[in-house]
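Hello,

Please find the structure below. The notes after it go through what was found.

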Amino acid sequence: MSDFLAAVADAEAALRTLFDPTPLQRNDHLSARYDADIWLKREDLTPVRSYKLRGAFNAMRHAGAGPGARFVCASAGNHAQGVAFACRHFGARGVIFMPITTPRQKIDKTRMFGAGAVEIVLTGDYFDQTLKAAQDYTAAHGAVFLSPFDDARVIEGQATVAAEVLAQIDAAPDLVVLPVGGGGLAAGVTEYCALSAPQTGFAFVEPAGGASLAAALAEGAPVTLPRVDSFVDGAAVARIGALPFARLGRFAVSDTLQAPEDRISATMLEMLNGEGIVLEPAGALAIDALRDLAAQGRLAGRRVVCICSGGNFDFERLPEVRERAQRWAGLKKYFILRLPQRPGALREFLNLLGPEDDIARFEYLKKSARNFGSVLIGIETTDPANLDALNARLAEAGFDWRDITGDPVLAEFLI
């Protein structure tokens, strides 16, 4: 047995003091849709509802966790909760740095998992500021800093996901679909499978607004993305970890997929409403990518395992998720409409709406010094074809309008 496999086996045995293996469930709905054998590895069902506990626990036990030990991390989400849970388990002390902007729900859950074993420090408007504060504290107090992904022991801990999968299934999967943020999970799973199930292939899924692995593979080395969309907060990482990339650099850009954030929202709603499975955006990445893999002809007749990486979803975000899903499906559009400053102009516009077109937002600014006023209008409907028909009627009637649904700058300001 290789040193890596032995280390993972040791980590898995130790993890059993915390929780049983997470379920590997065949999903009949997805299997029928894609004419494949689709299985879901439910990491959303760990005690902290994500796989992050695995790596944090393994790194801490190798760093001498126990009464008197002090650990530090910087995180706004799943890593913080994993560290907090492990600190409580070991009787160690944890100092968890979180951005000031972290939602209260995540702060409260981290405190709950720590059960008095952790101190939470809110500092910095942006994660980079929070990370620097955590690292400065670590240096000043002689504590142990716990990286969420750029650590060999963390990678070994995340690899226990693959060890469980191969023990739970009667034959190795043809394809494993992996979400990627910092790369710790992907590095661990691919290395374990390369040694234990070399015939298994991989697809790596990143949010379109944070494709740091694809950028690194294209460059041949980790690069820092100039901008990251934070919607998929569990995988929105600007730079892939150096240690994970050392294990993932053998793959090609063509092995990666980029999932649009709005489409991920539709997948989250589908799994919630149809399957009763609550997934956070990062947790839905692997399932969302099945659409693209099917289009590439990589699913039919194959056994596929999707890693559902987490289910820490704050239901206060549900309206945003629904909004994004509607936009992706073409069921909601936003327009800026120029209306003539004369009586009856608005009525003429309203008469163009179809019977299934619903005004969801309307803001009108009338300026007496101008001949036209601008209207921001949001319209929901039941079929994308309805909005295409509305566009045609607007053009025929001579209205001046602009569809801003896909404009990221205007959408951020106005929607």
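Helices (H or I, at least four residues) and strands (E, at least two) are DSSP runs, numbered from the N terminus. The model is predicted, and local features need pLDDT of at least 70, side-chain atom pairs count only at pLDDT 80 or more, while totals for chains, interfaces and linings use all residues. Residues are numbered from 1 along each chain as its sequence is written, and side-chain values use heavy atoms, with hydrogens and water left out.

Domains

The bounds here come from an automatic or database domain assignment. Domain 1 covers 3–50 + 158–321, domain 2 covers 51–145 and domain 3 covers 331–414. Taken over C-alpha atoms, the centres of domain 1 and domain 3 are 40 Å apart.

Single residues

For accessibility, buried means under 20% relative accessible area, exposed means over 50%, and partly exposed is in between (1.4 Å probe, protein chains only).

Val 8 belongs to helix H1 (residues 3–15). Because its relative accessible area is 1%, Val 8 is buried.

Gly 82 is part of helix H4 (residues 78–90). With a relative accessible area of 0%, Gly 82 is therefore buried. From Gly 82 to Cys 306 the C-alpha distance is 22 Å, and the two are 224 residues apart in sequence.

Leu 195 is in helix H8 (residues 184–196). Its relative accessibility is 43%, so Leu 195 counts as partly exposed. Leu 195 and Val 118 are 77 residues apart in sequence, and their C-alpha atoms are 37 Å apart in space.

Glu 356 is in a loop, the one between H15 and strand S12 (358–365). Glu 356 counts as partly exposed because its relative accessibility is 42%. C-alpha to C-alpha, Glu 356 is 9.9 Å from Ile 379, at a sequence separation of 23 residues.

Backbone angles

Most residues other than glycine have a negative phi, and most peptide bonds are trans. Which way does the phi of Asp 35 go, positive or negative? Asp 35 is not a glycine, yet its phi is positive, at about 50 degrees. Asp 35 sits in the loop between helix H2 (28–34) and strand S2 (37–42). Asp 35 is exposed because its relative accessible area is 56%.

Ala 115, a residue other than glycine, has a positive phi near 50 degrees. The loop that holds Ala 115 runs between helix H5 (104–114) and strand S5 (118–122). The relative accessible area of Ala 115 is 51%, so Ala 115 is exposed.

Aromatic rings

Rings of Phe, Tyr and Trp (its six-membered ring) pair if their centres lie within 6.5 Å; planes under 30 degrees apart count as stacked, over 60 as edge-to-face and the rest as tilted. How many aromatic pairs does a search of the whole structure find? There are eight. One of them joins Phe 349 and Phe 399, edge-to-face, with 6.2 Å centre to centre and 75 degrees between the planes. This pair links distant parts of the chain, 50 residues apart: Phe 349 is in helix H15 (residues 345–350), and Phe 399 is in the loop between helix H16 (384–397) and strand S14 (400–403). Phe 349 and Phe 399 are both buried. One aromatic cluster is made up of Phe 202, Phe 204 and Phe 251.

A charge sits over a ring if NZ of Lys or CZ of Arg is within 6 Å of the ring centre and within 35 degrees of the ring normal. Arg 88 has its charged end over the ring of Phe 85, 4.7 Å from the centre. Arg 324 is placed over the face of Phe 231, with 4.1 Å to the ring centre.

Cavities

On a 1 Å grid over the protein atoms alone, a cavity is a set of points where a 1.4 Å probe fits but cannot get out, and lining residues have an atom within 4 Å of a point. The structure has four cavities of 30 Å³ or more. The volume of the largest cavity is about 60 Å³, where grid points are joined across faces, edges and corners and a volume is the space filled by probe spheres set on the points. Among its lining residues are Met 268, Leu 272, Phe 313 and Val 321.

Regards

Notes. On a 1 Å grid over the protein atoms alone, a cavity is a set of points where a 1.4 Å probe fits but cannot get out, and a pocket is an open set with protein on both sides within 12 Å along at least five of seven lines; lining residues have an atom within 4 Å of a point.
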